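Subject: Structure for your review

Dear colleague,

Please find below the structure that I am handing over to you. My notes on it follow.

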Amino acid sequence: MLHELVFRTVDLPVADRFDAWSELMSRTHAPMLLAPTTPAPADGYRAHQRLIALGDVTVWPATFDPIVFRRTPKLIRRSDPETFHLSLLLRGEGAASWGREQVAYEIQDFHVSCSSMAFEVQTGTEPVTTVGVEIPRSLVALPAHKADQVIGSRLSGREGIGTLLAQFLMQLAADTGPYRPSDAPRLGTVAADLVTALFAHAVDTDPRLPPEAHGRTLTLNIKAFVRRHLGDPELTPTAVASAHHISRSYLHRLFQAEGLTVAAYIRDQRLRNAHRDLTDPDPVLRATPVHVIGARWGFPRAAEFSRAFRAAYGIPPSEVRRGAAVRSSGRAAK
């Protein structure tokens with residue numbers, strides 16, 4: 001599991017909660033002035049933040065009550081860590097202003113700011129949930145004047161490279177369990193590559209990424225493509241390579257760098273989704289025949305699905321379903 005720090009205002013006396021949150025935010029990003037925009041509820045200001053360290057990059061999922069963040073020229077002169085901050089809005093609403101310019105953000109939008117520039121960010125009247133990422137300017141492989149063009153932009157996390165970055169951050173925030181502490185700097189490199197690629201796309205320029213960074217970004221894109229098309233029985237390494245305008249040999253080299261084969265990745269993702277459906281207590285899924293679930297995830301022949309499933313999990317899919325049903329009945333009886 002990755003190392004992370006967790007902060008919750010509910011763990012503090014009511015009178016100390018907002019000040020503690022303000023201090024933490026200034027340490028996380030850069031010195032800022034914070035002010036609530038609505039009267040605090042009777043149980044005090046509410047905020048919950050996790051800090052996930054990925055080498056020089058920090059990811060921080062957070063939920064907090066309405067607030068205004070201000071970064072002033074005076075605070076910049078006091079301390080400037082020279083970082084970019086991207087915040088993916090998952091719930092609530094917000095707007096940011098830089099002098100006369102103002103941008104409103106919607107769900108699944110990225111807000112981009114920089115510790116070297118004064119700004120004001122204000123949320124709406126409801127609590128906000130975001131996933132923020134702090135990245136040193138030095139890790140964004142673009143000329144400074146190009147990267148700065150992105151500051152204040154509203155970048156979509158619903159399409160293209162923005163989707164890749166959004167999925168990466170949300171998956172990381174949802175569960176850090178599969179990763180070892182030694183994975184942290186590698187994940188930080190992936191985050192830096194994706195941020196660089198997103199910025200480069202936004203200003204329509206070529207990032208100065210080393211070849212291996214281009215490969216990592218392309219591999220993430222390919223994996224997202226595979227997950228979207230798992231139900232297609234014609235999803236083969238040849239089809240994947242063709243869809244991305246690369247050769248099969250180059251596709252295989254990309255996956256070999258991660259100790260995988262393309263065919264194995266496709267098969268494992270299909271089986272993982274089939275296993276999830278077979279163990280889901282939802283009545284509709286329980287009533288769906290096993291072979292139909294197999295076909296839904298790219299195994300049109302029941303015998304092929306059963307063999308692959310048994311090889312992966314040690315028992316046939318029908319037994320997995322029966323075991324899940326028994327466990328569910330036991331919990332219901334309690």
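A residue is called buried if its relative accessible area is under 20%, exposed if over 50%, and partly exposed in between (1.4 Å probe, protein chains only). Please note that this is a predicted model, in which local features need pLDDT of at least 70 and side-chain atom pairs count only at pLDDT 80 or more, while totals for chains, interfaces and linings use all residues. Residues are numbered from 1 along each chain as its sequence is written, and side-chain values use heavy atoms, leaving out hydrogens and water.

Aromatic pairs

Rings of Phe, Tyr and Trp (its six-membered ring) pair if their centres lie within 6.5 Å; planes under 30 degrees apart are stacked, over 60 edge-to-face, and the rest tilted. The count by this rule is nine aromatic pairs. In one of them, the ring centres of Phe18 and Tyr45 are 5.0 Å apart and the planes stand at 85°, so this pair is edge-to-face. Phe18 belongs to helix 1 (residues 17–28), whereas Tyr45 sits in the loop between strand 2 (33–36) and strand 3 (47–54), 27 residues apart. Helices (H or I, at least four residues) and strands (E, at least two) are DSSP runs, numbered from the N terminus. Phe18 counts as buried because its relative accessibility is 17%; Tyr45 is buried as well, at 5%.

Trp21 and Phe64 have ring centres 5.5 Å apart and planes at 35°, so they form a tilted pair. Because Trp21 lies in helix 1 and Phe64 in strand 4 (residues 57–64), the pair ties together parts 43 residues apart in sequence. Both Trp21 and Phe64 are buried, and together with Phe7 and Phe69 they form one aromatic cluster.

Helix 9 and helix 12

Helix 9 (residues 262–278) has 17 residues. It packs against helix 12 (residues 302–313) at an angle of about 90°, with the axes 11 Å apart; axes are lines fitted to C-alpha atoms, for helices over the stretch in contact, and angles run from 0 to 180 degrees between N-to-C directions. The two helices are therefore roughly perpendicular (65 to 115 degrees; under 35 is roughly parallel, over 145 roughly antiparallel, the rest oblique). Contact means heavy atoms within 4.5 Å. Residues making this contact include Leu271 and His275 of helix 9 and Phe305 and Tyr313 of helix 12. Among the residues of helix 9 that are buried is Leu271.

Yours sincerely

Technical notes
The expected span of a helix is 1.5 Å times one less than its number of residues.
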